[in-house]
Amino acid sequence: MAFFRPRVSREAEVRFHADQEISKSFPELLDKARMAERTLRELRAASADDIELRAAGVAFDKALTEALRAAEAGQRATFGVKAYDDRIARRKAKATPAGVMWTAEVDRLRTLREDNRMWGIPRTPRPVPAAR
């Protein structure tokens with residue numbers, strides 16, 4: 001008895017190719033995030049004011065978010081085109097060495113971004129409009 005597996009959907013193929021393209025920019029985006037982190041650390045070491053620290057923290061958050069999106073795209077592309085439609089294929093692909101590497105990288109970037117959002121961006125008071 002032969003079982004015929006259905007092909008993957010056209011939408012899955014399109015998303016797979018889009019994720020492959022997005023993931024190509026991951027090393028550049030990661031370097032950009034490292035530069036933003038270095039800038040933030042240098043400002044902290046120089047005891048910069050809160051406004052400068054906030055701007056650097058927000059820039060670091062944006063760079064981390066872009067790198068995280070590229071890492072997630074790389075993770076999905078590594079899992080393969082079947083993983084877009086099939087959760088079992090996704091789960092199996094997550095257990096491969098490449099899947100473990102991408103999953104660890106995504107988790108590391110998420111943790112770094114959340115840590116920055118909680119402690120790296122100082123809260124500054126909003127300016128009060130002048131009363132007339």
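Which residues in α2 meet which residues in α5? The close-ups below take that up, along with a couple of other spots in this predicted model.

**View 1. Here is where helix α2 meets helix α5.** From α2, the residues taking part are F26, L30, L40 and R44. Across from them, α5 brings W102, E105, R108, L109, N116, W119 and G120. Sorted by class, this contact has six nonpolar, two polar and three charged residues.

**View 2. Now for the way α2 and α5 pack against each other.** Helix α2 covers residues 26-45 and helix α5 covers residues 97-120. Their axes lie 14 Å apart, at an angle of about 30°. Because angles under 35 degrees count as roughly parallel, that makes α2 roughly parallel to α5. As for handedness, the crossing of α2 and α5 is left-handed.

**View 3. This one shows helix α3, residues 50-79, and what follows.** With 30 residues at 1.5 Å a residue, α3 should span 44 Å. The C-alpha atoms at its ends are 42 Å apart, which agrees.

**View 4. Last up is K94, found in helix α4.** Helix α4 takes in residues 87-94. Leaving aside residues up to four places away in sequence, K94 touches Q75, F79, G99, V100 and T103. R108, one of the α5 residues from View 1, sits 14 residues from K94 along the chain, and the C-alpha atoms of K94 and R108 are separated by 16 Å.

Methods:
Residues numbered from 1 in each chain as written. Predicted model: local features only at pLDDT ≥ 70, side-chain atom pairs only at ≥ 80, totals over all residues. Heavy atoms only, no water. Axes fitted to C-alpha atoms, helices over the stretch in contact; angles between N-to-C directions. Helix = DSSP H or I, 4+ residues; strand = E, 2+ residues; numbered from the N terminus. Parallel < 35°, antiparallel > 145°, perpendicular 65-115°, else oblique. Left-handed = near helix turned anticlockwise from the far one by under 90°. Contact = heavy atoms within 4.5 Å. Nonpolar A, V, L, I, M, F, W, Y, C, P; charged D, E, K, R; others polar. Expected span 1.5 Å × (residues − 1).
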